[in-house]
Amino acid sequence: MKRLNFTVDDETATLLESLAAQLYGGNKSLAIRSAVESLAAHSGHSGWVISGFTPVELSRDTACHCCHTTFAVGQTLFKPVFERGVAQNALQELPVEPWLDCQRCALGHV
Ligand SMILES: [Zn+2]
């Protein structure tokens, strides 16, 4: 256990209080923990976080990994660069499937 001291704005403090009251019997530490775990899960892709993207010019028609829109030869998609996440249950294995995101989906990851 660690005691953290940080500052949030009034709206965030009110939101935290209300979420903690609704879901965790008023326990703000549990609410924060759950929020951080949820963030890790959503940005983490099973324990791996995307730390950046490399642009890739398509040599054949390719579908975006996330929204499945198909992009034609010559268009640019973005290949994620992975970095191991810190989630408690982070998987040991790096995603190995071909993974190219369109610009819109790539922006959603960062
Ligand atoms: Zn997409």
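If we read along the sequence, the chain follows the pattern α-α-β-β-β-β-α, and its secondary structure comes to three helices and four strands. Please keep in mind, as we go on, that this is a predicted model.

Let me start with helix α1, which covers residues 10–23 and has 14 residues. From its first C-alpha to its last, α1 reaches 20 Å, close to the 20 Å expected at 1.5 Å a residue. Is this helix buried or in the open? Of the 14 residues of α1, the number buried is zero, so the helix lies largely in the open. After α1 comes G25, whose phi is positive, near 55°.

Now to the chain as a whole, where buried residues make up 10% of the 110 residues. Which residues make up the largest nonpolar core? There are five in all, namely L77, F78, L100, C102 and A106. In soluble globular proteins, nonpolar side chains tend to be buried together. One member of this core, C102, is in contact with C64, C67, T69, F71 and L77, if we leave aside its neighbours within four places in sequence.

Next, please look at strand β4, residues 76–84, in which T76 lies. T76 counts as exposed because it has 12 other C-beta atoms within 10 Å, and the cut-off for exposed is 12 or fewer. Leaving aside neighbours within four places in sequence, T76 is in contact with P55, V56 and E57. The C-alpha atoms of T76 and V56 are separated by 5.4 Å, although these two residues are 20 apart along the chain.

Finally, among contacts in the chain between residues at least 6 apart in sequence, 54% join residues at least 24 apart.

Definitions and conventions: Residues numbered from 1 in each chain as written. Predicted model: local features only at pLDDT ≥ 70, side-chain atom pairs only at ≥ 80, totals over all residues. Helix = DSSP H or I, 4+ residues; strand = E, 2+ residues; numbered from the N terminus. Buried ≥ 20, exposed ≤ 12 C-beta atoms within 10 Å, placed from the backbone. Contact = placed C-beta atoms within 7 Å. Expected span 1.5 Å × (residues − 1). Core = buried A, V, L, I, M, F, W, Y, C linked by C-beta atoms within 7 Å.
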